Amino acid sequence: MSSHHDHSHPATRPATATRPTTESSAPSPTRRALLKAGGLGLFSLGLAGSSPAFLSRAAWAAKSGDAATSQRKTLVTIFQRGAMDGLAAVQPLRSQTLEGFRPGLTLPGVGKDGGLIELKGTGFGMHPALSPLSRLFQEGQLGVVHAVGSPDPTRSHFDAQDYMETGTPGDKGTRSGWLNRVAGELGHEGTPFRSLAMTGSLPKSLYGPEPAVAVSRLEHLRVSDNRGLPSGGLPSSGQGFESLYQQTSQELLREAGQDTFAVVEALASVQQQVTGELRSSVTYPRSVLGSALRQIALLIKAQVGLEVAFAESGGWDTHVQQGSGNGTFANRARDLAESISAFWTDLGPFRDRVALMTMTEFGRTVRQNGSGGTDHGHGSCLFVLGEKVRGGKVHGDFSVDSSDLYEDRDLAVTTDFRSVFSGVARDHLQVPGKGSRTEIFPGWNGKPMRLLRT
Amino acid sequence: MISVGVISVWEMMVDEELRELKSSATHLVQWKRQVGRSLVTLVAALSFSAMAAHGSRVSELGKDQGMLQLPYALAGLTEHQAAAHLLDRFAFGARPGDVEAMVDFGLSAWIEGQLEQSFVEKELPKRIATLDALKLSPAELEEEFVNPADYLRMKRREARMQADEGGARSDSQNPDQMRRAALAEIEQSGKRLESVLIDQLFANKMLRGIYSENQLAEVLADFWFNHFNIDAREKEARPFLLSYERDAIRPHVLGNFSELLLATASHPAMLMYLDNARSAVEPGRETTAEFKMRGGPDSLRPERRRSRLGGGRTASTRRVPNLRPATSAAGLNENYARELMELHTLGVDGGYTQADVVEVARALSGWMALRQDGPMRERLERRIASEQVRHYLGFVEREGFFFNAAFHDAEKKSVLGHDLPAGRGIEDGLDVLELLAAHPSTARFVSFKLAQRFVADEPSDALVSQLAQEFTSSGGSTASVLRSLVQSGEFWRSRRQKIKSPVDLVFSSVRALDASVRNPARLGRWLQKLGQPVYRYPAPTGFPETADHWVNTGGLLNRMNFGLEIAQGTPTVRFSLLALVDGREPESVEEGLRVFAKILMPQRDHEATIQALLPALGNRDLPERLGRRLQMADQRAESEDEQMSAETTDSIAYGDFEMAATVGDDGEESVAAMAREPMIVAQGSFEESASLEHLVGLLLGSPEFQRR
C-alpha cells in the first residue's frame, strides 16, 4: 500500500536560474574564471589551444594534495525529501496527547518488543528503526534538534525545499544556495572537489558562484575514450571537448565545462587510491543514500579538499499507511540510520574532521489522516552527528499540547532552521568573519545555536 | 469549438445515469464531452488508420496558406533559419532534409498542420505495429497484465491458508523457487508481466518522438505528461499508466485545458498516484448517499426494497446500508487537492490557502478508482444490488473511475470564495475543476510553463501575459496559445537559447543521424544515465524545464560520452554515415567537420565549433582507408543483426520494475543496473580516433548541439 512520493527534486516552476544564461558575442570572463586565472596566471579564455588549461588543471591537481587542503573539515548534509514525520522519529515518552492524535501510528512502549528506544534523561524515545542512531546518541556523538523548521508557513514541498536550500524562507528571488555561500565564505580557491552533491543534478543548496560538482556516481566522471594528457601527443576526445566547451558563447555550458574537466583531472589524480587502499570494507545499505555516503567517505579519506557534501534520501512523504513499527516510515528510517551509521564507521580516524547534519522541508500533521498516514505539517526534527557535537540531548522547545499546536494541526516551530545551520557551519567549519551569518543567511539576524563544543 | 449539434450526439452516447443528477447543465455537458471523447479516443487507438484518414488535409492546403504572421525576419532570421528554429522547438530536432522540406511546404502551413495533427504518418505505423498493448481497452489491459509481486503475494497467502487448514506443507518452496514458479504460471496462463506494459508505453513514446510526422503533438505529449506527472514506480498507479497517457493525456494535448484536467483528475492512475482514491469523508459529516436517502422519493429507497424482501424494517432505520468507510479509513487525504492547485492549475502563488486545500479535498472526496475485480466493486454490488438505486444515491461509474457517494462529504463547502451547496455529489468536484481551469492564475501558470518550454527559461512577463490572455479568451485552448506564441517576436529571438533536455538530446541525435531504432530500450539506458529516466520522475512536479537543472559537472560528461557512444552505432540504433553524405566521404578532418556539422546542426554557424576542434584534432587528411572501414562497419552492423535478438529482450532501464517490486518496493534506484552500464574503453589507434565516427561524436557532444 505504499504510496509515498519522493519529491526528490526542486520543482519545475517559475525559473530561478542561478547562473545567468544570457549569451554574449564573445565569451566573457566570469568572477570565478578570473580568480582561477589570477592565481595561476595561465588560464586563457577563448583561446582555442588546450595546453594552458591542462597546465592549470595540473596545478589544481597538485594543490589538492597539499597539507592545508588535506586537513580541511567537511560538513556532510542529508536532505530528507518529502518531509519526515519528526514525531514518528523522535517523540515524547508516554504522551497521552500524541496517542490520542494518532492511534494508528502509536508504537509499543519502551522495553516492549519493537517499542520505542528511550533516549535517556530526555523524556523522548526514538523510533526502533533508528536504533543505530540511538547508539550514537547514547555515546554522546549525536544530538537531536526538535520542533525545528521554517518560519514560512508553506506546506508546499517544493517551496519549502527551496526555502531551506536557499536559506531564505519566503523569498523566492535568492539565486544561490546556503551551502554555496558557506563555501564562498571559507574562500578556499583551487580545489575542484570543495563542494559536492552525490545527486544526478545540482541541488539548490549548491547553486551559486562557487564551483560545485554534482554526480550520482564517481565512475561517471571521465570521458569515455579519454586517453589522458597531452604528454602522449595524441589528440583525444577529452581535449576536443575541452576546447569546445572553453570557447562556447553559452556561459552556463562554458562554466560547467571548465568545472567538469577540472574535476575529471582531480579525480584521476587520486584514482589509484580510491580504487585501491581506500576502498571501504564497511557494508552500506544498497540504497541511493548508502551509495552516496559511501562515495563521500571515499573522497574524505582521499583528502581531496572536500568541504561541503550533499546527499539526499527520498520517500518521506508518508500520506498513506505510514505504519508504526513497520511500514513506509520504518523502511525509510532504517535506511537513513543504517547509511549514517555505516558512514560513521567507515570514516574511522577521519571522524574528527567531519560533522553530519540532516534536514527535511517540514514536518507532518500531528493527527493521522484518513489513510493511515499524515499530511503536510510544520515543525520536524533533525540530527547532528560529530565528535564535538553536544550529543545525547534533544535540543529545542517542544510541545504537542493541543493549545500549542500550529494552526491547530501541526508541531509548532520553535527553532529556526537557520540557527542550526549557521551554528553548525560556524562551529564545525569555522566560517570566518564577523558578518558571516548574514552573508550565509541574508536578511536574518537570529542567533546561531551552539551545538558543538568549541 | 464544439458545436451544439456535436454535443447532442455525444449526449446520446452517454447513458441515462448522469441525468439523475440534478445540477447545473454546464459541467454535465463538460463531463459528457469528456466521456464521449474518451470513447472516441479508444476507437481511434484501436485503428491507426484513423490518423491517416483524419489528415491529408495539409497537402491539399499546400504552400503559403499564409494565415500566420511569423515575424522571424524582424529577429534577423532567414526563412531557412526560421524553419530550423521551428524544428528545434515544435519538433524534436531536424532530420536531414527537414529544413528544406519545410521551406518548400511553407512555414505557416507546416505550423497549422502541426496544430491540427494532420500530417499523414509514414514511418511510424510500422515502427509501433508490434506494440499490441496500445490497442487494448483499459479493462483489457487490467485483465491481461499481471504484477508478479502481487501474484506472488496472493500465492503466498493461499499457501499460508492451506497450511493453516492443516493442509500438506509438502510444497514448501524457498522464495526463489516460488518466484520462478509464479513467473512460469503467469506465462502459462497466457497473461503477461506488467513490466511489458511499461516497456511498450516507453517504446511508444520513443518511437513516436522520433518518427512521428506530427511532432508538435509529441512535444506536447511529453510536456503535458510531465505537467501531470506520475511516477511509474508507484505500483498502484502503474497498471493504469499506459491508458493514462493514451486516453487522458494524448487526446487533449492540443485541445482544451479543462477537458485535459478532468481527464487526468478522473483517471485511475492519478487517483491512485496522488492518493485521492483513499480520501474519504471525515467522520461525523453527512455523505451524498445519506443525504439522498433522507430526501428522496420512497420508491427508490433501498430500505424499502429490503424491507419488502427481508421484512420487519421500519422507517426509522432508513440509512444507507453500511457503506461508510471503516473507521480506520475515514478521513480526508489532502495530497491530490494540494498538488491539483499547486502543480496542475493555479501554481503555488496562485492565491489559495490551506483552508482551500481542505475544501477541495472535501469536494473531491469519493473520487476513486474501481478495479474490475477489486473488493470495492464486490462490496458495492453486494450491498446495493440495484444499479438504479446506486444511480439514485449518486454513485457514478465510468471506465475505472468511480464516484463513491458513500465516501463523499455532502455538506456545504467554500472553495476560493465560491460556495458549493450541501447535498450534492460528483458535481462538487466537477465544479471545482471547472473553477480551477478557468481561474486567471491557471491561465498565467500554464502559459508560463508553455512559454518556458517553447521560448525561454525566463520568458518575459509581456509574453506570458499575452499568452494568458489568449488562454482565457480561447477557453483554455493550447493550440490557440501556441498560435499566439509563434507569432511573437520573442519566440524568434530566442533561437539557440534553450538547452536541450536529455530527451531532446537523445531524440534530436537519432533524428539528425536518420537512425533506425530497433530496440528503444537502448535509448532508455542513455536517458537514465543522462539524468532523465522517462516515466520515473519521483515527484508530481515532473522533470524541470530549465537549463540550470540539466547543465552541471557530471551531466555534461554524460552528454559528451553519449555523443561519442551513439556515433559508434549499435546493432539496435543503426545509421550509415556514408549514406548521410551520399557516399562521398570527406578527405580531411576539416572537411569532415564542415560536412557533418551542416547535416547535424542545419542553419547554425559552425565556425566556432570547427575552429575549436581543429587544433586539438590537427587538420590532416583522413586516412585513405576510411571509406573502406566505414563500409566494413556497415557490413559489421548487418552481421550483428543476429545479435540483436539478444539485445531486444534486454530492457534494463524500463523492464526491471518487477525486480524493483520484489527487491523491496522502496523505489530506490537500482544501483546494480547502473553498474552494469557499459563504458566505451579506449581502443584503436589515432587513425581510428580521427575517424568520421569520432568527429560525429564530438559534434553531437559539442556545446552547439546541446542548444536548441
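Predicted model: local features only at pLDDT ≥ 70, side-chain atom pairs only at ≥ 80, totals over all residues.

Reader: What makes strand E1 of chain A "largely enclosed"?

Author: Start with the cut-off: a residue has to be under 20% relative accessible area to count as buried. In strand E1 (residues 74-80) of chain A, seven of the seven residues pass, so the strand is largely enclosed by the rest of the structure.

Reader: How do you know that both faces of E1(A) are covered?

Author: Check each side in turn. On one side A:Thr74, A:Val76, A:Ile78 and A:Gln80 are buried, and on the other A:Leu75, A:Thr77 and A:Phe79 are buried too.

Reader: Why is E1(A) said to pair with E9 and E8 of chain A?

Author: Two strands pair if there are at least two bridges between them. E1(A) has seven bridges to strand E9 (residues 354-360) and six to strand E8 (residues 308-313), so both pairs meet the cut-off of at least two. E1(A) runs parallel to E9(A) and parallel to E8(A). A:Phe79 shows both links: its bridge partner in E9(A) is A:Met359, and in E8(A) A:Glu312 stands opposite.

Reader: What makes E2 and E3 of chain A edge strands?

Author: They belong to an open sheet of three strands in the order E2-E4-E3, with antiparallel pairing. Strand E2 (90-92) and strand E3 (117-119) each pair on one side only, and that makes them the edges. The twist averages 40° from one strand to the next. E2(A) and strand E4 (residues 124-126) share three bridges, and A:Pro92 stands opposite A:Phe124 there.

Reader: Which residues have the most contacts inside the largest nonpolar core?

Author: They are A:Ile296, A:Phe343, A:Phe383 and B:Trp367, in a core of 255 residues. Helix H13 (residues 328-347) of chain A gives the largest share, 10 residues.

Reader: What is A:Ile296 in contact with, leaving aside its neighbours within four places in sequence?

Author: Its contacts include A:Val76, A:Leu196, A:Phe310 and A:Phe343. Contact here takes heavy atoms within 4.5 Å.

How values were computed. Residues numbered from 1 in each chain as written. Chains lettered and ligands numbered in written order. Heavy atoms only, no water. Core = buried A, V, L, I, M, F, W, Y, C linked by side-chain atoms within 4.5 Å. Buried < 20%, exposed > 50% of the residue type's maximum accessible area, 1.4 Å probe, protein only. Helix = DSSP H or I, 4+ residues; strand = E, 2+ residues; numbered from the N terminus. Axes fitted to C-alpha atoms, helices over the stretch in contact; angles between N-to-C directions.
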